[in-house]
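Please look through the sequence and the model first; the notes below then proceed by topic.

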Number of protein chains: 2
Amino acid sequence: MRIGELSKATGVPVPTIKYYLREGLLPAGELSSPNQASYGDAHVRRLRLIRALIELANVPVATVKEILESLDTNSEPLHDQIGRAHRALTPTRRLNSTEDARAAATTQVQELIAARGWTVEPDAPALVTLIDTLAALRTLGQDGPVSRLDDYADAIEQVARLEIEGVTENPTREQLAESVVIGTILGETLISALRLLAQESISADLWKGR
Amino acid sequence: MRIGELSKATGVPVPTIKYYLREGLLPAGELSSPNQASYGDAHVRRLRLIRALIELANVPVATVKEILESLDTNSEPLHDQIGRAHRALTPTRRLNSTEDARAAATTQVQELIAARGWTVEPDAPALVTLIDTLAALRTLGQDGPVSRLDDYADAIEQVARLEIEGVTENPTREQLAESVVIGTILGETLISALRLLAQESISADLWKGR
């Protein structure tokens, strides 16, 4: 199909498609004449993936490119590919909080990880975010999540196991890798939306009109 | 304290503090002389809250301002304040997906909500995000989360109940509102970080070196 048809099939405007082609997110079409390229189903599928990462998960274009390259080369170990997807979901900035709150949060997280027997790199970006967030909650006097961290981790570990269960059904290494990366990133949006709906419902029952 | 001391106490640079003052995120200090303002503990606390929302949860400055105003007036019903915090966490853009995938996702979400007895507004932004995400996963051939949606919802509802349990301990209406809004927004960062750590650990056990 031509670029106009590709645009129609995916709902992505032609200038946006051209931008993804220039940035190397989308592989070039097959030249059918010197000025005419032809696109196939793989392009439709890739475009849908790009849009989902950008629109739903707010992944920056440069990071989408890295993720797609890592999927395409397929030589990177699966665990490293997951690490790459994780970095796309983790804020890179650090947060200042009081030294006491940070020290307490660090100890709490170390104890949590030891108690659960989690295998986590000491420089995992999510570790920094978890400590920062707990320190911020402590500093702001919000003790609810802080005192229930282990119960939170129980429920969340349950989600993570469901997710892994879902991806390990994939028969090939390629499909497994794609599934892990997409699942990690879009899974976050899915979980966020479910959480907000559950909260809205509980809040409506408790507080509507108050 | 003076603005320089406020900066020292919070680690926020003076030009950034001045920006928040201009934008109305931070209330003006008390004038101690025509050119000198004095700031107190409430400013320290407010600055920490602003930074946490912006740095950890990527909330845009304009939305932070809305949220703070809603907390300060305190006349808005609690349920509406939660709705405001929810909107800060929900992508506003829609995603194109195939009509079949969208129809299937819409039906699945309606059935989920009916089965769980959730009270959710038909135009809740998270509802749109949930449908969009499920439609994208279907379109991309990722059936794992789609076929386990109800189990995901079980685990997430558990988290949402823990969160509400944590905030209802607050004795005053003001503290409750603050707790709900901060908890909703920073809770998302907390849950995201816990999920990524759980995934990293499961992935390390299964796939490290593969």
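Helices (H or I, at least four residues) and strands (E, at least two) are DSSP runs, numbered from the N terminus. On that basis, the elements of chain A follow the order α-α-β-β-α-α-α-α-α-α-α-α from the N terminus on. The model is a predicted one.

**Fold and extent of chain A**

- Chain A contains ten helices and two strands.
- The radius of gyration of chain A is 21 Å, well over the 17 Å that the globule rule gives for 210 residues, so chain A is more spread out than a compact globule.
- The C-alpha trace of chain A spans about 65 × 50 × 35 Å along its principal axes.

**Relation of the two copies**

- Two copies of a chain are related by a rotation about an axis and a shift along it.
- Here, chain B is superposed on chain A by a rotation of 180° with 0.0 Å of shift along the axis, at an RMSD of 0.0 Å.
- The two copies are thus related as by a two-fold rotation axis.
- The same surface serves both copies, as 100% of the contact residues of chain B recur in chain A.
- Among the residues of chain B, Ala155(B) comes closest to the rotation axis, with its C-alpha at 2.7 Å.

**Contact between the chains**

- Chain B contributes 82 residues to the contact, and chain A contributes 82 residues.
- On the side of chain B that touches chain A, two or more residues come from each of α3, α5 (78–89), α7 (125–139), α8 (143–147), α9 (149–167) and α10 (173–207) of chain B.
- The most is given by α10(B), with 25 residues.
- By class, this side of chain B has 40 nonpolar, 25 polar and 17 charged residues.

**A helix pair across the two chains**

- Two packed helices are described by the angle between their axes and the distance between the axes.
- Helix α7 (residues 125–139) of chain A and α3(B) have axes that come within 10 Å and cross at roughly 160°.
- Angles over 145 degrees count as roughly antiparallel, which makes α7(A) roughly antiparallel to α3(B).
- The crossing of α7(A) and α3(B) is left-handed.
- In this contact, Asp132(A), Thr133(A), Ala136(A) and Thr139(A) of α7(A) meet Arg48(B), Ala52(B) and Leu56(B) of α3(B).
- The contact of α7(A) with α3(B) comprises three nonpolar, two polar and two charged residues.

**Helix pairs within chain B**

- Helix α1 (residues 3–10) of chain B packs with helix α3 (residues 41–56) of chain B at an angle of about 50°, their axes being 10 Å apart.
- The helices α1(B) and α3(B) are therefore oblique to each other, and their crossing is right-handed.
- From α1(B), Leu6(B), Ala9(B) and Thr10(B) meet His43(B), Val44(B), Leu47(B) and Arg48(B) of α3(B).
- Four nonpolar residues, two polar and one charged make up the contact of α1(B) with α3(B).
- Helix α4 (residues 61–73) of chain B and α5(B) pack at about 170°, with axes 10 Å apart.
- The helices α4(B) and α5(B) are therefore roughly antiparallel to each other, and their crossing is left-handed.
- Thr63(B), Glu66(B), Ile67(B) and Ser70(B) of α4(B) meet Gln81(B), Arg84(B), Ala85(B) and Ala88(B) of α5(B).
- The residues in the contact of α4(B) with α5(B) are three nonpolar, three polar and two charged.

Technical notes:
Residues numbered from 1 in each chain as written. Chains lettered and ligands numbered in written order. Predicted model: local features only at pLDDT ≥ 70, side-chain atom pairs only at ≥ 80, totals over all residues. Axes fitted to C-alpha atoms, helices over the stretch in contact; angles between N-to-C directions. Parallel < 35°, antiparallel > 145°, perpendicular 65-115°, else oblique. Left-handed = near helix turned anticlockwise from the far one by under 90°. Contact = placed C-beta atoms within 7 Å. Nonpolar A, V, L, I, M, F, W, Y, C, P; charged D, E, K, R; others polar. Least-squares fit on C-alpha atoms with pLDDT ≥ 70 in both. Rg over C-alpha atoms; globule rule 2.2 N^0.38 Å.
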